Amino acid sequence: MATLRRDGRVTALQRLGCAGLAGALSLSVTAPLELLTVLAQVGTWHCRRGLRSAGLSLCRTEGVRALWKGNLTACLRLCPYSALQLASSRRLVTLFMDELGRISHWRAIMAGSLAGMVATVVTYPTDVIKTRLIVQNRLEPSYEGIFHAFYKIYHQEGLRALYRGVSPAILGAVPFSAGSFFVYISLDKIWQEPIVRFTPLQNFINGCVAAGVAQTLSFPFETVKRKMQAQSPWLPHYGGVDVHFTGMADCFRQTVKNKGVLGLWSGLTPSLLKIVPYFGVMFSTFEFCKRVCLYRNGYIESPLNYKLTPGVDQSLHPQELRELKLLRRENFEPRKSALEN
């Protein structure tokens, strides 16, 4: 997206804060849709009569707050995941560049996918905890919170349980990357103009379409991952999973056998429905936070718009602008005479 390009007028700490707040807010707004997606993927009893019925029955039995189960874990996971992905992506992009410092679209997407894999593996236990918190009954919880869930899973089921389902998560990155690449190389043909001329609205639509296609292609791996994360002999009804299995391949086999091929795409509807509000909230929040930072740094006149402050060199970095303002202030301040001292 064009709005997320690096802007030298905003410091690295401010940029991280804007991205973190935007990500947390977008996750919180779309949390009920994410919860319905996970419940449908796992196959709990809530989803036997459809997604709308699942949401209503969950609210009746556990209260409205149940729609945000696991959201705190997702928000806390956001910062380390993003930091690891960014650091890995920069290193991989450097490795994939040719002698002239150029990189193809395919290599750039591969670098991003590999960086996502690294971040996924390192932060994967938090994803397992999020799934467990979602599938449990909030009124009769097996886990009292994030740290209790981590402690209990580790001591009852071992370290491997915190990485259960990591294989389909990694394998799912392949169709996800392929879907993203397919959409990206087709954009100029769809819009019939060069990519560099795309408007913010076009970039927003492109991001939503790419996410939708990539998510649809990789969704079976996501479904198997959720089932593997939720299944546990230590949880009531084995975590509420609709099929029982011994591993990734058996999970694919049992799901197709009991639910049909389309069972691998259970929960795709709420997953796709959350794309537009997720990206919309994320980018609008990021833009507003960025305007606030630019206003505080002295580049624009108001946080409500992008009207530039007259006489300010927009090419200066924040520290350089502060030093320039300080120098000007010192030059215009009247110096005290020796008699005053």
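The model is a predicted one. The protein has 13 helices and zero strands, and buried residues account for 44% of its 341 residues. Its C-alpha atoms fill a box of roughly 90 × 50 × 35 Å along the principal axes.

**Overall fold**
- Read from the N terminus, the elements of the protein run α-α-α-α-α-α-α-α-α-α-α-α-α.
- Of the contacts between residues at least 6 apart in sequence, 67% join residues at least 24 apart.

**Surface and charge**
- The accessible surface of the protein is about 19500 Å².
- Carbon and sulfur atoms hold 63% of that accessible surface.
- There are 40 positive and 22 negative side chains.
- The centres of these two charge sets lie 7 Å apart.

**Annotated spans**
- An unreviewed UniProt entry lists residues 161–184 and 204–221 under "transmembrane region".
- Residues 161–184 are 75% helix and 0% strand, and the C-alpha atoms at the ends of this span are 37 Å apart.
- Residues 204–221 are 100% helix and 0% strand, with 26 Å between the end C-alpha atoms.

**Nonpolar cores**
- The largest nonpolar core contains 23 residues. Leu27, Phe279, Met282 and Tyr299 have the most contacts inside this core.
- Helices α1 (12–29), α4 (71–96), α9 (200–230) and α12 (275–297) each contribute at least two residues to this core. The largest share is that of α12, with nine residues.
- Leaving aside neighbours within four places in sequence, Phe279 is in contact with Phe204, Gly207, Cys208 and Ala211.

**Methionine 110**
- Met110 sits in helix α5, which covers residues 105–135.
- Met110 counts as partly exposed because its relative accessibility is 29%, and that class lies between the buried limit of under 20% and the exposed limit of over 50%.
- Met110 and Asp242 are 132 residues apart along the chain. Their C-alpha atoms are separated by 34 Å.

How values were computed
Residues numbered from 1 in each chain as written. Predicted model: local features only at pLDDT ≥ 70, side-chain atom pairs only at ≥ 80, totals over all residues. Heavy atoms only, no water. UniProt positions renumbered as here; feature names shortened; annotations may be inferred. Helix = DSSP H or I, 4+ residues; strand = E, 2+ residues; numbered from the N terminus. Core = buried A, V, L, I, M, F, W, Y, C linked by side-chain atoms within 4.5 Å. Buried < 20%, exposed > 50% of the residue type's maximum accessible area, 1.4 Å probe, protein only. Contact = heavy atoms within 4.5 Å. Areas by Shrake-Rupley, 256 points an atom, 1.4 Å probe, with all protein chains shown as cover. Lys, Arg positive; Asp, Glu negative; His and termini not counted. Charge placed at Lys NZ, Arg CZ, Asp CG, Glu CD.
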